[in-house]
Amino acid sequence: MEIMYVYTRKRSEFGRPCSFSDRPAKVSVDIPPDPSMASAFILRNPVDSYVQHTSDMSEHEVNTERVEVESRGVNHVEGGWPKDINPQEVEQTIRFRKKVERDENYINTIVHLGTLMEHCVKQNNAIDIYEEYFGEEEMAEVEDEPPSAKTINVISKLTPFFDVLLSKRDPNITKRTATHLSWHPDTCKKLAVAYSSLEFQQNMKDMSFDSYIWDLENPNKPELVLKPSSPLVSLEYNPKDSHILVGGCYNGQMAYWDTRKGGLPMEVSTVEVSHRDPVYGAIWLQSKTGTECFSASTDGQVLWWDIRKLSEPTDTLVLDITRKGLLENALGAVTLEFEPTMPTKFMVGTEQGIIIACNRKAKTPSEKITSTYSGHHGPVYALARNPFYPKIFLTVGDWTARIWSEEAKESSIMWTKYHLSYLTDGCWSTMRPAVFFTTRSDGTLDIWDFLFKQNDPSLSLKVCDEPLSSLRLQDNSCIVGCGSKLGTITLLEISSGLCTLQRNEKTLAAAMFERETKREKILEARHREMRLKERARSEGQETEVEERPVESPQEVLDRTRREFFEVIEAELQRRAWTETQHLCGKVLGMGRTSNHSRDSLPWGRGPGPDSAFQVKDRVGEEAAAQGEESQLPKDKEEEEEEEKDAA
């Protein structure tokens, strides 16, 4: 049955508002029930229904791709010349300039710009817009600030996508260690990092040899890729020419780069004249040309180079502390130290835990090794002089960091506690003489301030989970870079309290160094005196042994038999004396009891002449006196028994 409604309206009423009115209900259709469907009806009790008044919404996530920024250089040259003028011709350019300068438009423009420039110059002379008005309050806040550090950047050579979020991923099969860091000498925005795998058995054929120069403002990709013939173990910027870098390779070769010429080395030393082991230290020397450097390796040699001629070293030193110059006796060098204020002196840290102080200008090779310092149980991984007091230097090795003075050679003047994990690197603060940094194999960076605390570091920061391998602090800055075993470089900003010179800090640090040096000198003198006495005593005993005549076997047998029977006879006398003493003690007790009874009688006359018991007691004492000459020492148990009997 189809139900249809028809509504009609006149054309004139279109557009008018509807007018509704009430009227009684009217049945339009009546559908009677179907009795056949009653059996299929199910009564629902109760009936649940719900109504949702809000609109349906869905949540979606979108991960945008990282924007890769690339720095491109532009070389600006003199331009703007008309096509008919050659800029290389001086006469044509001068003629054109004179023509332009006579132009009225040019003169009006210069006059207008000159007025604006003069206003700006006068304004800058009147008001210093960079003046700091509240410097004193900031210094007060610095003194109250607790030691802290924060991570400002994480650099790693990784896959191009998610490279910062997944900072521990390395595209190489073998994870390479960041073995050395070097900051750009002019700007602190660039960092050169040497990457190498120092585990010989894990070196793979397809392992990358590349090292990188990073731009901190664009850490997504390296600014320059250095491509050596062998992985770099050390890498250093030239302090006089920031475009030049020198590097020591894993195979012992030396190479240098000019960043203006690309990533390939300009020159590489030949294998025959290079080191035989990895070059763990390469440092630039103070020279007029700025091209001289020297290197050290675990093959026991220190070589001096001029990068203008790397075909052969200019000088050689064998680290033989016996001063014989034998390479087989040389100690392997792990770290180098050179202070520009002392151009002839340098120091070497060895695998055996010995620090060697050298003088390059000595006449003979034996005189080049001036002194040695021994104090570590393993390799010396870091060696650095205090920038404020060059006679004080820091060494890091085994589980401790030690502070030495050149005047005390037998022992360090200060040292840290023994850590549970191995120490891997360390350096002094360039801003404060009492602050130094150390890294550990558990991924922790320790900052020590021994004017504030000597037993524990002022700040310990867990940088990463893998071992830290290298450490470098920016010159005159609060930024420190830490390299890990997996090649991740973490840059941290130290709180201003740890990198701001405190009031009287230089005076206090100098006083502490001097006091500890004097203490060590006194202890050294005392130990030296004790050793001399011990040596004299041992020599006297040796003389007595030499003066004693040599006995024949029969004489030795007779002397042994005689000493044996003397011991037996002494033992028999001791036993006889013990029995006599025991009997005399009993009789003496009885005699004393009888005398007491006699004295207590009313008719007694007090002590009379010696009784028979007392006479016997004296006889026993005389016998005991004769036996004391040959008796053996009494046992403790027998002495206790005698005391009980006497009581």
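**Exercises on a surface patch and the cysteines**

Ile 3, Tyr 5, Tyr 7, Val 29 and Ile 31 together make up a nonpolar surface patch with about 620 Å² of accessible area. The model is predicted, so that local features need pLDDT of at least 70 and side-chain atom pairs count only at pLDDT 80 or more, while totals for chains, interfaces and linings use all residues. Residues are numbered from 1 along each chain as its sequence is written, and side-chain values use heavy atoms, with hydrogens and water left out.

**Exercise 1.** Decide whether Ile 31 is buried or exposed.

*Solution.* Begin with the cut-offs: buried means under 20% relative accessible area, exposed over 50%, and partly exposed in between (1.4 Å probe, protein chains only). Ile 31 has a relative accessible area of 69%, and therefore it is exposed.

**Exercise 2.** Find which cysteines form a disulfide, and state where they lie in the chain.

*Solution.* Apply the rule that a disulfide is a pair of cysteine sulfur atoms within 2.5 Å. The sulfur atoms of Cys 478 and Cys 499 are 2.0 Å apart, and these residues form a disulfide.

**Exercise 3.** Determine which cysteine sulfur is nearest to that of Cys 427.

*Solution.* Cys 427 is buried, with a relative accessible area of 12%.

Methods: Patches are made of residues with over 30% relative accessible area and no salt bridge: like charges are joined within 9 Å, nonpolar side chains (Val, Leu, Ile, Met, Phe, Trp, Tyr) within 5 Å. Accessible areas come from the Shrake-Rupley method with a 1.4 Å probe; for residues, only the protein chains shown count as cover. A salt bridge is a side-chain nitrogen of Lys or Arg within 4 Å of a carboxyl oxygen of Asp or Glu.
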